[in-house]
Every structure is written in C-alpha cells, then in structure tokens.
Amino acid sequence: MTLGSTTIKGNLRPKFTKEEAAFVKQELAEQIDRYKKIVAEQEALTPQREKWVKEFLERIQSRGFHVHAGMKRTIPKSEIRPRDGRPLQVIF
Amino acid sequence: MPRPHIEPFVDRDVGFKKLGLPGFKKGIQYKMLSMDKENGSCTMTVQYDAGFKQPPGFSYSEMELFIMEGHLMIGGKRCEKGTYIFAPAGTSLPAFSTDEGALGLIFYNFGPPSFQESDADHQNADKSQQRKMISSYDGLDWQVPTLFPQTAPGCLLKILHLDPKTFGMTFLYCMVPGFWQDNISYHDVAEEAYHIWGTSWMMQFGDLPTGGYFYRPAYINHGCFKSDLGILAIGRTDGDLHNYFHHDPFSSPEENHHRAAAKLARMKPALYQWILTNEHNHLPHDFEFPDDTYSTEGYDSGIHMHDDGTSHAHKANGAHSHLNTPKVSKKKSKK
C-alpha cells in the first residue's frame with residue numbers, strides 16, 4: 001500500500017495537468033476546512049473524553065489490560081504514569 | 001506529513017459532488033475522504049449512477065476499488081458488493097457499466113484521479129504487480145490476525161492486498177458483537193479505514209458509525225475500543241503493521257516514536273547495532289530490490305561515500321565490502 005508515498009513508480013504522469021492541479025487545489029482547501037471542523041468537534045468532546053480516560057485507567061487496574069490477544073494483566077497503580085499536566089491531545 | 005490527521009469523519013454528513021476531471025465519463029459522483037497534499041493521491045467514496053458506462057481504460061496512478069453496494073459489470077462479469085479490484089498504474093481495465101448503480105470506495109495511491117480510455121496497457125505500465133479482482137465476501141475466509149501482539153479476540157481480517165516491498169496492506173476487518181479491547185495502540189505506519197457497516201467506539205473519539213472514516217498518521221494513540229453490535233470495515237496501512245500496546249493516554253507521538261525505537265533495539269538488537277555501526281548515509285542495500293538504493297549497471301556505477309569517509313562500489317550482483325574500499329571524492333559519491 002502506498003498511502004502518502006511520493007515515489008513515482010506507481011504514477012505514470014507525476015506532473016499534474018492543469019485540470020488536476022485545479023482539482024487538487026480545491027480539494028486541499030476543503031480538506032483544511034474539514035480538518036479545522038474536526039479539531040473543533042474533538043476539542044468540544046474533551047470533558048467527556050476525560051471521563052472515558054479515567055474509566056479506562058480504573059478498568060485496567062481491576063478488569064485488566066489486553067497485553068496480547070485474550071491475555072490480560074491487571075496493572076498496579078504504581079505502573080500508571082503520572083499525568084504531570086500533560087494535555088489530552090488527540091488530533092495532530 | 002503528506003495527509004493530515006483526519007479522524008473521525010463521517011461521509012454521510014456531506015453530499016456527493018460530480019467528478020468532472022477530463023477522461024472520466026458522466027455519472028460518477030464522489031466524496032473526498034483524504035488527499036495527499038504533495039502528490040494528490042486520495043481516498044474517495046464514489047457513486048456510479050444507474051446507467052453509467054465507461055469504456056476500457058487505465059489510471060495513470062495505481063488504483064484500488066472496493067464495491068460496497070449495488071454491482072458493476074466489468075468486462076461482462078457481474079461484480080457484486082464485496083468485490084475488490086487492484087490495478088497497477090497504467091494497467092487497462094475492461095469496460096464498466098451498471099444498470100442499478102453502485103457505491104464504492106476508491107483509492108488513487110500515487111496521484112490524483114485519472115482515467116485514460118484504452119483497451120491496452122500504457123507502454124510504461126507497472127508490471128511489478130499483477131492486476132487482481134477478488135470476491136472478498138464469499139471468496140475469502142476470515143482470519144485471526146497473525147500480528148504480535150495480537151488484537152483482542154473477536155477482531156478478524158481478510159487480506160485483500162499485500163505490498164511485497166513494504167508489507168503495506170489493504171484488508172477487510174470486523175469486530176464481533178460485544179468486542180472490547182482495553183489497551184491503547186499506535187503503529188509505525190499510517191493507517192486509514194472506512195466503516196462499511198456498524199459502529200465502534202474509541203476512547204479518543206467516541207462512536208464511529210457506518211460511513212465513518214479516518215486517516216491517521218503514524219505514532220498517534222488510538223484505543224481502547226469496543227463495539228456493541230459489531231462492525232465491518234476496510235482498512236489500509238502504508239507499511240508493516242505492528243501493534244504497540246500501552247496504557248498511557250497522554251503520551252505524545254514523539255514519545256511513542258522513541259518508545260518504538262527502544263523496542264526495536266530490544267527486540268532486534270543485532271539489526272539495531274548493525275544500522276548504527278555502519279554509519280550508512282543511505283538506505284541499506286536489499287539484494288531483492290537493489291534498484292531502490294543503487295544502480296546495478298556496471299561495477300563502478302554504484303560508488304558512493306558514507307558519513308564516516310569510507311566509500312565503496314557495488315557489483316552488479318549487489319555484493320560489496322566496507323574494507324579496503326577506494327576513497328572517492330564526494331563529488332562522485334552517490335547517495
């Protein structure tokens with residue numbers, strides 16, 4: 001698979017035609033708007049996400065953490081890394 | 001970063017647009033899911049209107065198509081939903097038509113959408129991979145993933161395409177009803193997926209329903225996961241998929257990247273040391289794919305210099321030594 005690759009072997013016409021250049025320009029502009037909308041939506045979800053994270057950290061100390069397939073391990077509190085003010089950023 | 005982090009995006013929330021690029025016939029509509037800002041490669045939901053017809057032809061870019069609803073007649077063969085098509089760049093596909101219409105997912109892997117009418121392959125068509133057409137719903141069995149560490153029980157795969165060089169893959173995956181996986185995951189590779197049917201939940205983003213899509217660059221945390229009623233989805237990666245599991249919801253992509261490198265040093269110490277000690281300033285050589293790093297035409301054509309001042313030349317068979325190699329000026333060096 002070639003997601004995001006810039007290798008030209010899989011493209012026999014790497015230079016855009018005039019129409020392709022206009023198409024790509026338009027779509028990339030819309031993609032920026034889409035990205036901004038997602039960032040705003042995910043920012044609004046932060047309070048709910050904080051609850052989900054708290055529940056996850058509680059669950060892995062009781063029900064267990066999936067190490068591999070069905071193999072689970074209960075995580076002791078001492079292994080939970082302190083947050084130390086780190087943000088809960090999810091979109092990069 | 002060739003494509004931005006698009007997650008989550010639900011294509012049901014936006015309308016179709018007509019695809020008006022030269023070469024394409026009337027009757028194709030699309031929704032753009034993600035696009036590479038450097039080369040225009042992209043992933044789109046695509047609708048072929050009822051009555052659509054397209055003559056034989058090829059794409060200038062490698063292309064993949066998955067039929068999600070309806071059917072397409074391709075070269076006289078009825079292709080139902082679940083059909084997956086892989087076409088290397090410049091490889092001619094037979095005529096398309098549909099009476100009832102079809103909904104698909106299309107991937108242009110190296111460039112923007114293109115169609116050139118032709119009943120023959122382009123003279124420079126990529127012959128390193130073969131065109132394929134798979135009936136994935138009834139022609140392939142679900143597999144338990146052979147990735148280590150594995151996803152939790154109840155996540156199954158059907159591999160549609162595996163890139164022989166990178167091990168990047170296109171695959172169907174499902175989560176059975178009641179699936180849950182309590183860990184956080186990231187990978188060394190970019191990953192994208194589209195929900196053909198069903199809703200799953202992820203700790204970072206909440207519910208991803210039918211029509212939900214994401215493109216996620218490497219080293220970004222995702223999970224834990226669950227699905228109450230199950231899902232069917234199509235996913236892709238641009239390289240070998242290794243699951244890095246952990247339980248720190250606040251780790252950054254940079255920290256995850258460092259952790260992955262530390263794991264490599266622990267899991268493959270000989271390889272890690274070899275990479276460090278030879279001070280290579282180019283990709284390591286692969287006798288299977290020598291053209292990736294040096295020319296094999298003639299003994300001297302592969303002369304190049306390393307960062308430590310040593311140089312060497314490659315023989316046509318790829319053999320070389322770092323000992324007693326002639327010094328060459330950096331002018332002649334070849335990266």
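This is a predicted model: local features need pLDDT of at least 70, side-chain atom pairs count only at pLDDT 80 or more; totals for chains, interfaces and linings use all residues.
Residues are numbered from 1 along each chain as its sequence is written, chains are lettered from A and ligands numbered from 1 in the order in which they are written, and side-chain values use heavy atoms, with hydrogens and water left out.

**The interface**

Select chain B and chain A together. In contact (heavy atoms within 4.5 Å) are 80 residues of chain B and 53 residues of chain A. The two chains bury about 5600 Å² between them, 64% of it on carbon and sulfur atoms; buried area is the accessible area (1.4 Å probe) that two parts lose on being put together, summed over both.

Next, select A:Arg63 and B:Asp182. Their side chains form a salt bridge at 3.2 Å, N to O, the term denoting a side-chain nitrogen of Lys or Arg within 4 Å of a carboxyl oxygen of Asp or Glu. Between chain B and chain A the count is seven salt bridges.

Then display strand S3 (residues 28-35) of chain B, which gives the most to the side of chain B that touches chain A, with five residues. Strands (E, at least two residues) and helices (H or I, at least four) are DSSP runs, numbered from the N terminus.

**The cores**

Select B:Phe66, B:Met68, B:Leu105, B:Tyr173, B:Tyr194, B:Ile196 and B:Ile234, the residues with the most contacts inside the largest nonpolar core, which has 42 residues. Such a core is a set of buried Ala, Val, Leu, Ile, Met, Phe, Trp, Tyr and Cys residues joined through side-chain atoms within 4.5 Å; buried means under 20% relative accessible area, exposed over 50%, partly exposed in between (1.4 Å probe, protein chains only). S16(B) supplies the largest share of this core, five residues.

A second, separate core of 29 residues includes A:Val24, B:Leu19, B:Ile85 and B:Ala87.

**Two loop residues**

Select A:Gln61, in the loop between helix H2 (46-59) and strand S1 (65-68) of chain A. A:Gln61 counts as partly exposed because its relative accessibility is 30%. Beyond its neighbours within four places in sequence, A:Gln61 is in contact with A:Thr74, A:Ile75, A:Lys77 and A:Ile80.

Finally, select B:Thr166, in the loop between strand S15 (155-162) and strand S16 (169-175) of chain B. With 34% relative accessibility, B:Thr166 counts as partly exposed.
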